[in-house]
Amino acid sequence: NERILCQCDFGYFATRYGYIRGWDDRVSRIILNIAQKLIIQVWGEMELEGHAILMLQLKARRLGVSTLTELAVAHRTQFYSNVNAVVASSDPDKSAEMAGIMELAWDRMPFWLMPSVTAQRSGSLIEFGGINSAVSIQHGTQFSGIARGSTRSIFHLAELPDFEDP
């Protein structure tokens, strides 16, 4: 029952199983702020209308929107089959921070809620082979280009103005 609730309701999942590292470096469950609640509402409206959930998020800093987006990528990769996700920022360190948001949540996930991790390369790939889902961590300074060679079903690209050659 809990798996079905989490799969069907991202807000339910995020507030019960989404852990974040706060400004004070303490780890706690996420408490959604106004900006995050609005983003979830917009995502829901797009989904209800049958549109792709695609947003260019021009925003003030430190609203938790990137954190929420990473939790959404983690959620989709964890609960749905055949997800091919990519997460990328302008440089390897910023991309690793984005991956760290997913890893923090997954590290605190109850064992019965997590699919088996079949491949993990720190800072580059997390794969759930049993459900054929994975998230690749890339960056804007890599030579090969982002998401080359496969069709991605989900992506989160951050700090686009800082990419070397977008």
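Biologist: Which residue forms a salt bridge with Asp25, and how far apart are the closest N and O atoms?

Modeller: The partner is Arg21, and the closest N and O atoms are 3.9 Å apart. A salt bridge is defined as a side-chain nitrogen of Lys or Arg within 4 Å of a carboxyl oxygen of Asp or Glu. By that rule there are three salt bridges. Please bear in mind that this is a predicted model, in which local features need pLDDT of at least 70, side-chain atom pairs count only at pLDDT 80 or more, and totals for chains, interfaces and linings use all residues. Residues are numbered from 1 along each chain as its sequence is written, and side-chain values use heavy atoms, with hydrogens and water left out.

Biologist: Why is Asp25 called exposed, and what is Arg21 called?

Modeller: Buried means under 20% relative accessible area, exposed over 50%, and partly exposed in between, with a 1.4 Å probe and protein chains only. Asp25 has a relative accessible area of 53% and is therefore exposed. Arg21 has 46%, so it is partly exposed.

Biologist: Which parts of the chain does the salt bridge of Lys94 and Asp162 link?

Modeller: Lys94 and Asp162 have their closest N and O atoms 3.9 Å apart. The pair links distant parts of the chain, 68 residues apart: Lys94 is in helix α5 (residues 92-107) and Asp162 in the segment after β7. Helices (H or I, at least four residues) and strands (E, at least two) are DSSP runs, numbered from the N terminus. Lys94, at 31% relative accessibility, counts as partly exposed, as does Asp162 at 42%.

Biologist: What makes strand β3 largely enclosed?

Modeller: Five of the six residues of β3 (residues 84-89) are buried, so the strand is largely enclosed by the rest of the structure.

Biologist: How many bridges pair β3 with β6, and in which sense?

Modeller: β3 and β6 (residues 133-139) pair in the parallel sense over six bridges; two strands pair if DSSP finds at least two bridges between them. Ser89 has His139 as its bridge partner in β6. β3 also runs parallel to β7 (residues 154-157), joined by four bridges, and there Ala88 is partnered by Leu157.

Biologist: How many residues of β6 are buried, and which strand runs antiparallel to it?

Modeller: Seven of the seven residues of β6 are buried. Ser133, Val135, Ile137 and His139 point one way, whereas Ala134, Ser136 and Gln138 point the other way. Strand β5 (residues 125-128) runs antiparallel to β6 and is joined to it by four bridges. The two form a hairpin with four residues between them, and Asn132 in the turn has a positive phi of about 55°.

Biologist: Why is Ser133 counted as buried, and which residues is it in contact with?

Modeller: Ser133 has 1% relative accessibility and therefore counts as buried. Leaving aside neighbours within four places in sequence, its contacts (heavy atoms within 4.5 Å) include Thr77, Tyr80, Val83 and Phe128. A polar atom of the Ser133 side chain lies 3.0 Å from the backbone nitrogen of Val83.

Biologist: Where does Ala14 lie, and is it buried or exposed?

Modeller: Ala14 lies in helix α2 (residues 10-17). Its relative accessible area is 0%, so Ala14 is buried. Ala14 and Ala72 are 58 residues apart in sequence and 8.1 Å apart in space, C-alpha to C-alpha.

Conventions: A polar contact is a pair of N or O atoms within 3.5 Å; within protein, one must be able to donate a hydrogen and the other to accept it, and residues adjacent in sequence count only if both atoms are side-chain atoms.
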